[in-house]
Amino acid sequence: PKTLADAIARQIAADGWVDFALGEVSAGSNDELLASAYARLCGVVMECRRAHDLQFAALLARATAREAELDGVVPLENLVADTVKPLSQQVPVLLVVVDGMSAAVACELGESCMALGWQEMVPAGGSRSSALAVLPTVTKHSRTSLFAGELTTGTQADEKRLFNSVFGATVFHKDDLRAAAGEALPPAVRQAIAGEASLVAVVLNTVDDTLAKHDPDGTSWTVDAVQHLPALLDLADAAGRAVLLVSDHGHVVERGSTARPVAGADNRWRSADTGEVADDEVLLAGRRVLEGEGTIVAAAVEGLRYARKSAGYHGGATAAEATVPVIVLARDPAALGVNWQAAPPQAPVWWFDAVASQTAAPVALPTAPGVLFDTVPAAPDSDEELAVAVVASSVYADQQARAGRHALPTELVTKALRTLLAGGGRAHRETMARALGVSVARFNGYLSVLKRLLNVEGYEVLSLDADGHTLLLDVDLMKT
């Protein structure tokens, strides 16, 4: 990445998913051979992650010192004014701040929400949003700044007061969510969400609490794993509210960290006057640094801590700690207006299918008298040429005519064929939805139309595997 915006985008689009997968593999196996393979894999991935974190920390330091470098980045203190408040003028919003939720947790939690029938929404033509935490990446700075709409430090009482005075909205914290026996949530919370207020906020502490007391790697971050979230989603659904899942900062997981004790230091940052900056640290200085009179030294890699050992940490300068995922959920996508669209699958291509090259290499020919060129284009059966040949054929034109107004645009059919051909005639339905830029829910309709277009005279050129997820293209039958 050349800019901090690029590095944050990489964390949301790819590295967060790697972190999610790493947690699964790191949890391990009882089989000695498999456990050994997992350990080697984790080692390779963590070395790659270390390199990415050092890149991120360098870009973060540059952007923090020169705020002009924040182009394309949403500072967390601007998130409510820039995103949440405008959206709440279109549709009532429930803002759920999952304290400590990293991009990896958001990947799993988002999928769990969508399994309940919610649709993820993204800015038109865009992808999952994000913000940059306040520095150091701890709750008293980041969460208070989020609710205040400006850089500040405070407590829960400050958050309530500032959120109400600046945005005219109410926020409920952990103690506010304690209900009497038989109630999922207390009446004040239920009434606020069911009421006419355009914006209501709730703070959930399950993820952050896990860092101190449990094992984040061993936790499946489904909706049911986050206390109060199922009930909140039900209330938001009944009230016709969109739901924004955000965090105040992310976290890193304890996987054999190196202790470097420093008197008075936090787990992941220390005062600038406590020693020189090491290769695995970064000096952060600027207006958005709310400790050390604007200058601190922070851990730039996952495996470093300055204080006691815990299950996980935050406060440092890694991508997992500083990147704030923003997931927008809706039951009725149309309610959000033309500036938002139902998101295609956000998982990277390799999550479901192997990544294949889309470019065929030219075929080299021996040089001989009478040969006009030393190379010729790829064979006629290359993926690109075959996809184009299919949609240009007279048989396909007849199929399009029969489909009438239900036919798909030719460019979408070509994309679908390229994706299937690149995968050797196979593609996960989420891979296909991503390639076509549509949500999984909407792709079901697209699949029916694709079958009508490609399954000439009832022959199964395109079918769905018995697993219910994988699309199968019979290439030979398609050519026939």
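How much space lies in the largest cavity? The volume is about 250 Å³, where a volume is the space filled by probe spheres set on grid points joined across faces, edges and corners. A cavity is, on a 1 Å grid over the protein atoms alone, a set of points where a 1.4 Å probe fits but cannot get out; a pocket is an open set with protein on both sides within 12 Å along at least five of seven lines, and lining residues have an atom within 4 Å of a point.

Before selecting anything, please note that this is a predicted model, in which local features need pLDDT of at least 70 and side-chain atom pairs count only at pLDDT 80 or more, while totals for chains, interfaces and linings use all residues. Residues are numbered from 1 along each chain as its sequence is written, and side-chain values use heavy atoms, with hydrogens and water left out.

Select Asp19, Ala104, Asp217, Val253 and Arg255, which are the closest to the centre of the largest cavity among its 20 lining residues. Next, colour α1 (4-26), α4 (103-115) and β7 (252-253), each of which supplies at least two residues of this lining. Helices (H or I, at least four residues) and strands (E, at least two) are DSSP runs, numbered from the N terminus. The largest share, five residues, comes from α1. By class, the cavity lining divides into nine nonpolar, five polar and six charged residues; Ala, Val, Leu, Ile, Met, Phe, Trp, Tyr, Cys and Pro count as nonpolar, Asp, Glu, Lys and Arg as charged, and the others, Gly among them, as polar.

**Second stop: the salt bridges**

A salt bridge is a side-chain nitrogen of Lys or Arg within 4 Å of a carboxyl oxygen of Asp or Glu. In the pair of Glu302 and Arg49, the N to O distance is 3.7 Å. Glu302 lies in the loop between β11 and β12 (304-305) and Arg49 in helix α2 (residues 32-65), 253 residues apart. Both Glu302 and Arg49 are buried, a term for under 20% relative accessible area, with exposed being over 50% and partly exposed in between (1.4 Å probe, protein chains only).

Select β9 (269-271) and β10 (281-285), the edge strands, each of which pairs on one side only. They belong to an open sheet of three strands in the order β9-β11-β10, with antiparallel pairing; two strands pair if DSSP finds at least two bridges between them. Three bridges join β9 to β11 (residues 295-299). Within β11, Val297 is the bridge partner of Arg270. Arg270 also forms a salt bridge with Glu281, with the closest N and O atoms 2.8 Å apart. Arg270 in strand β9 and Glu281 in strand β10 are eleven residues apart, and both are buried.

**Last stop: the largest pocket**

Finally, select Pro123, Ser127, Arg128, Ser129 and Ser130, which lie nearest the centre of the largest pocket among its 29 lining residues. The space in this pocket is about 560 Å³.
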